[in-house]
Amino acid sequence: MKKLFILSLFILAALSACQKNEKDEAVPQTNGKLEIKFDHFVGTERFALNQSFTNPSSGESFTPTLLKYFVSNFRLIKEDGSEYVLPAEQNYFLIDPTDNSLQKIQVENLPAGKYTAIEFIIGVDSLMSTKDVSERPPVLDPAGQAQDMYWSWNPGYIFVKFEGTSPQSSESGNVFKYHIGGYGGYDTPSINCIRSRRIEFGEAVMVNGDHTPSLHLIVDVLKFFNGSTSLKIAEHPVVMFNSFATAIADNYKEMFVLDHIHED
Amino acid sequence: MKPAYIKQTRHLLLYLCLLACSACQQQVEEVPIQWQQPAHFPPPAYDFSRNPVTTAGFKLGKRLFYDTRLSRDNSISCGSCHIPTSAFTHHGHDLSHGIDDQLTLRNAPPVMNLAWHKEFGWDGGVFQLDLFAISPIEAHNEMDEKLSNVLEKLRADASYRQMFKAAFGSEEITTARFLMALAQFQLMAVSANSRYDRYLQGRDTLSLLEQEGLRIFQQKCADCHAGVLFTDLSYRNNGLAPRRVRIEGADSVDTGRYRITLQPSDLYKFKVPSLRNLRYTAPYMHDGRFRTLNEVLEHYNSGVQPSPTLDPRLQQSGRVGIPLNETEKEALLAFLETLNDESFVRDPRLSEF
């Protein structure tokens, strides 16, 4: 009996040694980085301010003068289904296609592993939208980067701000203005324009210390107009905080698609 | 050569003056600011643990409240439309005036007992007192300034940097600190010392007419103008016919709470205002359309307009409004007078000068 006990101990020891060996033989597991780039297009043309584009679906032409939006709550999904969520205070980003420093997100300290998808929100979640100002990250400071992206009378962030001119607009100066936001209401339900987008990589992307893959997303501004709802400037030259905004949110969610991944 | 006793008297006078002055200064400096819970009030809604009112924070908030640098052209301050002697309203203006004499959308509501409010403004859109100030600062027809610019102006002023240090421990002037200091000042605007308050505490009596007014009030008004705050803080349509207004340069109507929730059931609803200090806060209603309390009472008696969102309390037993005869009105007006709080509108801690 005693012998049997010793034997089983020996086997257990051997087994655990085995497991250890297996781990040791794997590639060194160090945290890595991931870059996410936002490339803005209008159909097949590069997006630019003060340049005229035509929407082939509606025939309307438009000249953007401003485009800015918030993306947040990035989570990275591993091959095994587990997720890595960025630390809350570093998980809010303002994207501005005219500012080179605001078209790229660098995810630092990403646990090593094989990733197959990302998920993020276009907008700012309700929790952060209603937090004490002192607890919000600088990117959401109404006197900082979030200036002009904040409604003070009905406090909350403008998730997507898109302005320009169009001969089809009946507004004075032929302007169009889309200020889309609304996190669902503080204590009375109201419009919710938070939209979540999941991008599948179609392959497993390795993240490891010396390996910094870069994800190129294409943001096709045409889809702002052409989606489940066809937004016509002639019909809706100005949309701000009103119920039609949710239809535009359904559209802008589809703007983001994966173009390619640089595996470093 | 002057006689010695004249010289001595002079010295003595000078000394006395100095003593008096320093006593004054000491007196001003030595009264610490503390937020006090009135014994007969419910617990506050504001979370003071997050932003406790301190003497330095209050002083800073007070300076900010009366500082015209909060506006684009340094012309108006919060105190321009929220005048302490008018219980922090814009006395005599139906719609308050902003920068360049532009009309705003609504009548400036009093900065009063806000510690007990959960939402702010006539439509309750702002859900935290701290956040409120950004709205008038950035509204084009109010102060038309950028919050970031305001902070830049303050950062350039060494005396402000010192005050932020005294209040928050370092000279850093941030959005959160700026808003918290302003909130501290506003929180100190507590009106709880009217004759009615003293009556509730057994320290004063009401006349027979005032008591009759109180009885009618409890019967006909207190459902909405509830408790010691004289508001249940809800949003209601009290049957005022919507008026045309300009919103962002466009011809429109003020839809009230609907602007915030976009729920059709909230159309034309506004927050039930407190009835404290009505003597100082004319004109009345969200758009200041009534100059006198008589007109207000007559509105409830005969002017209420039916509409789908009209408050159910204003359409009972087959009629709209609240029937009030002249005797009842007189008694009600007498009672409402007991809600005026002279010590509040004359509080030297809150006044600009």
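Mentor: In this predicted model, domain 1 of chain B and domain 2 of chain B bury about 2300 Å² between them. Carbon and sulfur atoms account for 59% of that area. The size of an interface is often expressed in this way, as the accessible area lost when the parts come together.

Three residues deserve attention on the side of domain 1 of chain B: B:L105, B:W122 and B:S191. They supply 28% of the area that this domain buries against domain 2 of chain B, more than any other three residues. As for the bounds, domain 1 of chain B covers 55–191, while domain 2 covers 195–344. Their C-alpha centres lie 26 Å apart. The contact involves 29 residues of domain 1 of chain B and 28 residues of domain 2 of chain B.

Let us turn to the charged and polar pairs. Two salt bridges are found across the interface of domain 1 of chain B and domain 2 of chain B. B:D254 also forms a salt bridge with B:R106, and the closest N and O atoms of that pair are 2.7 Å apart. The side of domain 1 of chain B that touches domain 2 of chain B is made up of 11 nonpolar, 14 polar and four charged residues.

The interface between the chains can be described in the same terms. Chain A and chain B bury about 2000 Å² between them, and carbon and sulfur atoms give 57% of this area. In chain A, the residues that lose the most area to chain B are A:D132, A:S152 and A:W153, which together make up 24% of what that side buries. Chain A brings 26 residues to the contact and chain B brings 24 residues.

Three salt bridges are counted between chain A and chain B. The side chains of A:D148 and B:K146 meet in a salt bridge, with a distance of 2.9 Å from N to O. Across the interface of chain A and chain B there are 10 residue pairs in polar contact, both residues being at pLDDT 80 or more. On the side of chain A that touches chain B, the residues divide by class into 11 nonpolar, 10 polar and five charged.

Methods: Residues numbered from 1 in each chain as written. Chains lettered and ligands numbered in written order. Predicted model: local features only at pLDDT ≥ 70, side-chain atom pairs only at ≥ 80, totals over all residues. Heavy atoms only, no water. Contact = heavy atoms within 4.5 Å. Buried area = accessible area lost by both parts, 1.4 Å probe. Salt bridge = Lys/Arg side-chain N within 4 Å of Asp/Glu carboxyl O. Polar contact = N/O pair within 3.5 Å; in protein donor to acceptor, adjacent residues only side chain to side chain. Nonpolar A, V, L, I, M, F, W, Y, C, P; charged D, E, K, R; others polar. Domains from an automatic or database assignment.
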